[in-house]
Amino acid sequence: MDRDVQAGTADEKLVPILRAASAIDPLIDPTGLGGVRIRADLSGPSAKASIVSPRWLGVKLGASYAPRTEGANLDDPPLKTQAPRFSGRDIREAGASFDRTWRSGLQTTFGFGWAQGAGGAVFGDVEMTSWGARLGREGVSLGVAGRTASMDAMPGRETRSLAAGTTIERGAWAFEASAGRMRDQVAASTLRPVSVAARKALTDTADLAVVATLGERVDGAGPATEKSRADGLKLEFSLDL
């Protein structure tokens, strides 16, 4: 779903200094162990019709409809990794957010997102709900967000995500720490990523960030538990044209 429509997770506000490499909804995650997903997104980049309201008294609403989508286009396990992959129809999505700065200087953001679609015999109807909240003042912010995904064909086997982050901005520099946990009951796995980052504004349109990520995945339970890790450094260069 487009970020303006999918306002519910407030993920841009939760970790605002990084665009791609954080521990929350990362675009740069080669191993799949470095991030949790908190966006209620079933349509991804699929062709869709969207409508977004202007923000009025801090409130913004949005909705979209996609006739079809493919799991290969969704960076979201288990929809992408389950065999056969998710192939959705009649994808309906909606989001609402409240964003306001008060006279005291306190910035508040709250949001909710929802998505639902038909996933065929393997998945049944798939539904996602997400929420997010962020408080900030004088360059310091704290945020938390979560998401739940369920499938009719697999009752009682949900995917639950929870993430939190803090950001400090001082002049041309910004620092961020984020952590999350995603429990996938379909694959019987748990992701626990953590990231710490520093960003420097090079110009009015260019930023450079260094990100340290610690990612752990736990598969199974009891004596059969297996652990894998993906730790490393990432460089993120952002350019607004």
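Visitor: Among contacts in the chain between residues at least 6 apart in sequence, what percentage join residues at least 24 apart?

Guide: This is a predicted model, and the figure is computed from its coordinates. The count takes in contacts between residues at least 6 apart in sequence. The share of these that join residues at least 24 apart is 54%.

Visitor: What is the average pLDDT of the chain, and which stretch is below 50?

Guide: The average pLDDT is 79, and 80% of the residues score at least 70. Where pLDDT is low, the predicted coordinates should not be read in detail.

Visitor: How many helices and strands does the chain have, and in what order do the elements run?

Guide: The secondary structure comprises two helices and 11 strands. Read from the N terminus, the order is α-β-β-β-β-α-β-β-β-β-β-β-β.

Visitor: Which strand gives the most to the nonpolar patch on the surface?

Guide: The patch consists of Leu202, Leu208, Val210, Leu233, Leu235, Phe237, Leu239 and Leu241, with about 910 Å² of accessible area together. Strands E10 (206-219) and E11 (226-239) each supply at least two of its residues. With four residues, the strand that gives the most is E11.

Visitor: Is Phe237 buried or exposed?

Guide: Phe237 lies in strand E11 and is a member of the nonpolar patch. Its relative accessibility is 51%, and the cut-off for this class is over 50%, so Phe237 counts as exposed.

Visitor: Is Thr213 buried or exposed?

Guide: Thr213 is in strand E10, and its C-alpha is 9.9 Å from that of Ala177, 36 residues away in sequence. Its relative accessibility is 4%, where the cut-off is under 20%, so Thr213 counts as buried.

Visitor: With which side chain does that of Thr108 make a polar contact of 3.0 Å?

Guide: Thr108 belongs to strand E4 (residues 107-118) and, at 5% relative accessibility, counts as buried. Leaving aside neighbours within four places in sequence, Thr108 is in contact with Phe98, Asp99, Arg100, Trp102, Arg134 and Leu135. The polar contact of 3.0 Å is made with the side chain of Trp102.

Visitor: What percentage of the accessible surface of the chain belongs to carbon and sulfur atoms?

Guide: Of the 241 residues, 44% count as buried. The accessible surface of the chain comes to about 11,900 Å². The part that belongs to carbon and sulfur atoms is 59%.

Methods: Residues are numbered from 1 along each chain as its sequence is written. Side-chain values use heavy atoms; hydrogens and water are left out. pLDDT is the predictor's confidence in each residue, from 0 to 100. Patches are made of residues with over 30% relative accessible area and no salt bridge: like charges are joined within 9 Å, nonpolar side chains (Val, Leu, Ile, Met, Phe, Trp, Tyr) within 5 Å. Accessible areas come from the Shrake-Rupley method with a 1.4 Å probe; for residues, only the protein chains shown count as cover. A salt bridge is a side-chain nitrogen of Lys or Arg within 4 Å of a carboxyl oxygen of Asp or Glu. Buried means under 20% relative accessible area, exposed over 50%, partly exposed in between (1.4 Å probe, protein chains only). A polar contact is a pair of N or O atoms within 3.5 Å; within protein, one must be able to donate a hydrogen and the other to accept it, and residues adjacent in sequence count only if both atoms are side-chain atoms. Contact means heavy atoms within 4.5 Å.
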